[in-house]
Amino acid sequence: MRRSPLQRLLLCGALLAAFWIGGLSLGCAPETRYRVLSTVFDGVPQPGEERAERRRPGQPASARLVPEPPAPGPATAPVPPPEPLLTFETFQSLAAAFPKDAAMNVDWVAAIETGLIHPRPGIGRQVQDIPPLPLDVHLDPGIPIFAVVFPHEAHTRWLRCDNCHPAIFQMRAGADTITMSAIFQGEFCGRCHGKVAFAPETGCPRCHVRLQSAGQ
Amino acid sequence: MIDLVWRFLWRGAPMLLLVGLLGFGSSGVRGVVGDIVMDRRSTLNHVNPVLFSHWRHRTQFKCYACHPDPFEMRAQANDISMNDLSAGEYCARCHNGQIAFSVGFDSCRTCHAQPTP
């Protein structure tokens, strides 16, 4: 099949553009993706919008997986059957069904907030569930752009005070010298983050909140 | 020059697409899985290390169901042995055959599941 040089040039350009846009939309951070895609296409959802839409409860993807509430039975059955548990064979199947953060980490807090899962506080009745604590702690690392906001509310959906206090963090803002190198060595936030919660290197703006607004 | 690029792109396009799709499919999961491998004694005793599926337990329980009691929330802080489990400690608080599957010779591989290197 022979093509003229002009045709070849145009086809090369089209192919390169296709690879470039495809790679961007699959591989880049949402902020970069939005910035580039919105210069080429109209109607690209902003990263924030996309995320809010993912978190919205009752979306079809999660609705399919959340067990149906038991139908109201006859009046002779006062005890409702126990709620069937949401189980997954592999982490891949869980990750496909769960909400994600901007870096495509599984967002465990959003999973509770959207009602996708209802993790129990323990076995038996002696364990009390605790309500979320709406307290943001502002930590000042000295450089304004790296200011950290620690949300107690998100953390107390999973954790209880004595999980972190006083063994990992003293209960006074600024009492502990928290450094990124200590976190990467598994101390402070690194006790969980990087092991069972999103890794510090994948989610800078989730703690350093000003980086979030700078990226958008 | 343009001939070279043309040849590379046009002939290589299906292959590039295939590689890209495969790569995207296999990298569907990013970030922290949360599996914890425990090998304080297993390899020494010629059984596979324990692969603790933290994420699986997490879909059913909040952190404080297990932390800090009976499991201290720190890697290598919990010295768990099969003797402890037989005595009903650690995992066996739930894995007793009533709340969850029991610890016994019919269930070794359920926990000792981490392939040895």
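Predicted model: local features only at pLDDT ≥ 70, side-chain atom pairs only at ≥ 80, totals over all residues.
Chain A is made up of 11 helices and 2 strands. Read from the N terminus, its elements follow the order α-α-α-α-α-α-β-β-α-α-α-α-α, so that the strand pair is preceded and followed by helices, because helices and strands are numbered as runs from the N terminus. Of the 216 residues in chain A, 13% count as buried. When contacts in chain A between residues at least 6 apart in sequence are considered, 36% of them join residues at least 24 apart.

Chain B contains 4 helices and 2 strands. From its N terminus the order is α-β-β-α-α-α. Chain B has 117 residues, and buried residues make up 9% of them. Among contacts in chain B between residues at least 6 apart in sequence, 33% join residues at least 24 apart.

The two chains meet at an interface in which 31 residues of chain B are in contact with 40 residues of chain A. On the chain B side, the elements that contribute two or more residues are α1 (2-26) and α2 (54-58). Of the elements on this side, α1(B) gives the most, with 7 residues. By residue class, the side of chain B that touches chain A divides into 20 nonpolar, 7 polar and 4 charged residues.

Leaving aside neighbours within four places in sequence, A111(A) is in contact with F98(A), P99(A), L116(A) and I117(A).

P166(A) lies in the loop between α8 (161-164) and α9 (180-184) of chain A. In chain B, a cis peptide bond joins H67(B) and P68(B), and omega is about 0 degrees. P68(B) is placed in the loop between α2 and α3 (82-86) of chain B.

Positive phi values in residues other than glycine complete the account. F188(A) is not a glycine, yet its phi is positive, at about 50 degrees. This residue is found in the loop between α9 and α10 (204-207) of chain A. F188(A) counts as partly exposed because 18 other C-beta atoms lie within 10 Å, whereas a buried residue would need 20 or more. In chain B, H46(B) has a positive phi near 60 degrees and is likewise not a glycine. H46(B) is located in the loop between β1 (35-38) and β2 (50-53) of chain B. H46(B) is exposed, because 7 other C-beta atoms lie within 10 Å and the limit for an exposed residue is 12 or fewer.

Terms used: Residues numbered from 1 in each chain as written. Chains lettered and ligands numbered in written order. Contact = placed C-beta atoms within 7 Å. Nonpolar A, V, L, I, M, F, W, Y, C, P; charged D, E, K, R; others polar.
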